Amino acid sequence: MSALRRPVALTLSMVASLALVAAGCSGDDSSSGLPADEQSSAFSPKDGDGVRLGILGQCEGPFGGFHEDVAAGTTLAFARFAGASPNSSTSALKGFSGAEVEGTPIELVGIGCGDDTADRILQEVRRLVEQQGANVIIGPLSGDEGIAVAEYAKGKPDLTVFAGISGSQEQTLQVQAPNYFRFYGDGAIWNAGLGDLLYHEEGWRKVAVIADDYSFGHTSAAGFIADFCGVGGEVTHRVFPPLGTTDYSSYISQLPNPDEVDGYFWAVGGTGTQAALEAFVNAKGDLTGDEHAGNFFFNPDLAQALGTDIAGAHVGGFATLPGDIRTPEIEEYLAAADETWESIPGSLSGNDPAPPSTAAAFGFFYGYYTAGVALVEGLKAVDGDISDPQAFQAAVAGLTLDLPHGSISLDENRSGIVDVGLSRLVVDDSGEVVQESVAVVPGVDQTFGGTFSPDTPSPGRDFPACEKRDLPWEGKAIPVVDGAPQR
């Protein structure tokens, strides 16, 4: 296997681990018992004028297996750039100590436990802010949570929120809270160029779309539909199963047969990815990989459950570039993770102990890392003085971060302008299914070439319409050869 390729098999037990982690959570809305919350119990908002940080993760629901990853991503940023030391060599959920920027301490007051719902994450952010005294939040993780927390932040102007990896469009483009910052792309951005590639390179003309029926699924599908239809493609069907569905058979039956379309676009995430594809095989016959594309095909359980039939599928972007793209900055970042902990039980290792760089390579970890770096750089920009929250937020809005997977600046609604890496699943010499980069689309912003604006409807079951449009990246994606973008 090439050293430049990230084997899909790295995370063979991820879906199983999600179930285990979910089962291990109490279901108690208080989220008591989390190690970092225990650490914070002695901390009082009266202790000083520093940063009192709350982290919003998920320990339950379809993305409950990523809780360790998001705490670790945040901690790594402070370990690298704020002098923090993790309180445990084997778990980021134990918290950190000693973080300080320009003389301003960063104290962790708690880690919130979401479950993918807006109601639960609002309970958690209120607990962290109104009971634990947090004045800065990093998170949340998923789409509807992001909209809810952005709305909450809008009513708390002295609170500063750095989104974790929540990918819905509305939290920045529509809510427009001046104190809510997203240093990564949204679900639509992550599909920029994918439809163009499939139309012009693979000859797709007719596509059926299936996506989770919530804000991130809508946003992801909207990006693909805008891109594919923009270059002349046709979307024949749109099917939206609820997030967390276990039996997808009734939704698969709504899709056309393989001889009626050129391919299928999938934005079915979490524990649903494998279940949906297995339902497809049961109803439509064996997979032909090159008839499929989606955001979530990096889920390695697919390789275990579906075998090499998934090879040939195309994959949209995420917070990180595909794993076969390696630069000195990425290598340094991964090495720093290994120097910070002995091991981390992240999602890519099935929540079993593994080298921290394994977790750090994945986008969930990285999104929270970028948020932590943004907090550090924001503090530097105001010489550590956050006595005027609005001045601090103005400084954050003007940042450009030089990050391992590329520089990120913010648009006028404080959402990231990012490079998007597109890839394809292939079988390597050892027979493993691996992710291989095919192109990079640079500098994509949330307006998606003018397709979306504060005045357009939120992405949904019927929006956007399938219509031809000019997109600035059409025909301009940078090809990638052997993991090296041909800039």
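**Note on the predicted model**

1. Arg-205 sits over the face of Tyr-199, 3.7 Å from the centre of the ring. For this a charge counts as over a ring when NZ of Lys or CZ of Arg is within 6 Å of the ring centre and within 35 degrees of the ring normal. Tyr-199 is also one of the buried residues of helix H7, to which point 4 returns.

2. The model is predicted: local features need pLDDT of at least 70 and side-chain atom pairs count only at pLDDT 80 or more, whereas totals for chains, interfaces and linings use all residues. Residues are numbered from 1 along each chain as its sequence is written, and side-chain values use heavy atoms, with hydrogens and water left out.

3. Overall, the protein has 15 helices and 19 strands, taken as DSSP runs (H or I of at least four residues for helices, E of at least two for strands) numbered from the N terminus. Of its 487 residues, 61% are buried. Here buried means under 20% relative accessible area, exposed means over 50%, and partly exposed lies in between, with a 1.4 Å probe and protein chains only. Among contacts (heavy atoms within 4.5 Å) with a separation of 6 or more, 72% join residues 24 or more positions apart.

4. Why is helix H7 (residues 194-201) described as largely enclosed by the rest of the structure? Six of its eight residues are buried, so the description applies. These are Leu-194, Gly-195, Asp-196, Leu-197, Leu-198 and Tyr-199. They pack against helix H8 (215-230) and several strands, including S11 (263-267), S12 (292-294), S16 (416-427) and S17 (433-444). Gly-203, which follows H7, has a positive phi near 75°.

5. Ala-208 belongs to strand S9 (residues 206-211) and is buried, with a relative accessible area of 0%. Beyond its neighbours within four places in sequence, Ala-208 contacts Thr-236, His-237, Leu-255, Pro-256, Val-261, Gly-263, Tyr-264 and Phe-265. His-292 is 84 residues from Ala-208 in sequence, yet their C-alpha atoms are 9.8 Å apart.

6. Helices H14 (residues 363-381) and H15 (residues 389-397) pack at an angle of about 115°, and their axes are 9 Å apart. The axes are lines fitted to C-alpha atoms over the stretch in contact, with angles from 0 to 180 degrees between N-to-C directions. On the H14 side Leu-375, Gly-378, Leu-379 and Ala-381 take part, and they meet Phe-392, Ala-395 and Val-396 of H15. The residues of this contact comprise six nonpolar, one polar and no charged. In that count Ala, Val, Leu, Ile, Met, Phe, Trp, Tyr, Cys and Pro are nonpolar, Asp, Glu, Lys and Arg are charged, and the others, Gly among them, are polar.

7. Gln-393, also in H15, is buried at 6% relative accessibility. Apart from neighbours within four places, Gln-393 touches Pro-157, Asp-158, Leu-159, Thr-160, Pro-178, Asn-179 and Phe-181. Leu-399 lies in the loop between H15 and strand S14 (400-403) and is likewise buried, at 11% relative accessibility. Outside four places in sequence, the contacts of Leu-399 include Ala-374, Glu-377 and Gly-378, as well as Ser-409. Leu-399 and Ser-409 are ten residues apart in sequence, with 6.3 Å between their C-alpha atoms.

8. The count of aromatic pairs comes to 23. Rings of Phe, Tyr and Trp (its six-membered ring) pair if their centres lie within 6.5 Å; planes under 30 degrees apart are stacked, over 60 edge-to-face, and the rest tilted. The pair of Phe-63 and Phe-66 is tilted because their ring planes stand at 40°, with the centres 6.3 Å apart. Both residues are buried. Phe-63 and Phe-66 form one aromatic cluster with Tyr-184, Trp-190, Phe-216, Phe-318, Phe-362 and Phe-364.

9. Most residues other than glycine have a negative phi, and most peptide bonds are trans. The bond from Gly-139 to Pro-140 is cis, with omega near 10°, and that from Phe-463 to Pro-464 is cis, with omega near 5°. Pro-140 is in the loop between strand S6 (136-138) and helix H5 (143-154). Glu-102 has a positive phi near 50° and is partly exposed at 48% relative accessibility. Gln-176, not a glycine, has a positive phi of about 55° and is partly exposed, with a relative accessible area of 31%.
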